[in-house]
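Hello,

I am handing over the structure below, with notes on what was found in it. Please read them with the structure open.

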Amino acid sequence: MNYRHIAIEGNIGAGKTTLAQLLAEHYGARLLPEAFSENDFLSRFYQDPQKYAFQAELAFLAGRFTQLKGLFARELFHDTVITDFTFIKSKLFARVNLQNDEYSLFRQLFDIMDPNLQPPDLLIYLHAPIGKLQENIRQRGRSFEQHIQDDYLEHLQQAYQQFLKQEYCKTIIIDSAAADFIHHPGHFTQLTEFLNKDYEFRQHYLAIN
């Protein structure tokens, strides 16, 4: 497996962190989970989105940049790193959460920072229907997430679908509603066997069964 940076992406509750942990353990890779708990505005955003969206998105922008920038010091970046987020996530969420004037300013900041980072060598995008996302959100029990509306998840889903139409990087798409990487080890084996063969592709739908 020759990927140095594998990023897991998907909507809220898609199973990103779980898969990132499993891959890091399997490959003996460094795990870099998103430090979302350090965003002091996140819980306030869910209570009052209009008031706190801009602060929350700026905090995520700065936090993700800080976490990822160290990966690209080539003298330090020798081992495989698994992340459960990408920098582009900031732009996708900001487009959904911010008013047009706020997004215009946010986009200027994003465009200044983005060239300083590199896209991952491989993106694994986990797709799940809204009902499955809500089920996962309830099960993991983060109090500030329990009132997320279906409409909000749908808007994020659409933002990710638009993003996937671009050629961002080498991408695997997985239906995470059909894959149970914890309770069905064969599902995880199917993924790692595919990764180990280093197939040539730009975007590939991997059917887990």
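The lining of the largest pocket is made up of 19 nonpolar, 11 polar and 12 charged residues. Please keep in mind that this is a predicted model.

That pocket has a volume of about 910 Å³. It is lined by 42 residues, and the closest to its centre are Gly13, Ala14, Gly15, Lys16 and Arg140. Several helices take part in the lining: helix 1 (16–27), helix 2 (42–47), helix 3 (49–69), helix 4 (88–97), helix 6 (130–140) and helix 7 (150–164) each supply at least two residues. Helix 6 gives the most, with 5 residues.

The second largest pocket holds about 270 Å³ of space. Its lining consists of 13 residues, and those nearest the centre are Phe45, Pro49, Gln50, Asn97 and Tyr152. Helix 2, helix 3 and helix 4 are the elements that give two or more residues to this lining. The largest share comes from helix 3, with 3 residues. Sorted by class, the lining of the second largest pocket has 7 nonpolar, 5 polar and 1 charged residues.

Leucine 105 is found in helix 5, which covers residues 100–113. Is leucine 105 buried, partly exposed or exposed? Its relative accessible area is 41%, which lies between the limits of 20% and 50%, so leucine 105 counts as partly exposed.

Methionine 113 is also found in helix 5. Its relative accessibility is 18%. Buried means under 20%, so methionine 113 counts as buried. Methionine 113 and phenylalanine 87 are 26 residues apart along the chain, and their C-alpha atoms are separated by 9.5 Å.

Regards

Methods
Residues are numbered from 1 along each chain as its sequence is written. This is a predicted model: local features need pLDDT of at least 70, side-chain atom pairs count only at pLDDT 80 or more; totals for chains, interfaces and linings use all residues. Side-chain values use heavy atoms; hydrogens and water are left out. On a 1 Å grid over the protein atoms alone, a cavity is a set of points where a 1.4 Å probe fits but cannot get out, and a pocket is an open set with protein on both sides within 12 Å along at least five of seven lines; lining residues have an atom within 4 Å of a point. Grid points are joined across faces, edges and corners, and a volume is the space filled by probe spheres set on the points. Helices (H or I, at least four residues) and strands (E, at least two) are DSSP runs, numbered from the N terminus. Ala, Val, Leu, Ile, Met, Phe, Trp, Tyr, Cys and Pro count as nonpolar, Asp, Glu, Lys and Arg as charged, and the others, Gly among them, as polar. Buried means under 20% relative accessible area, exposed over 50%, partly exposed in between (1.4 Å probe, protein chains only).
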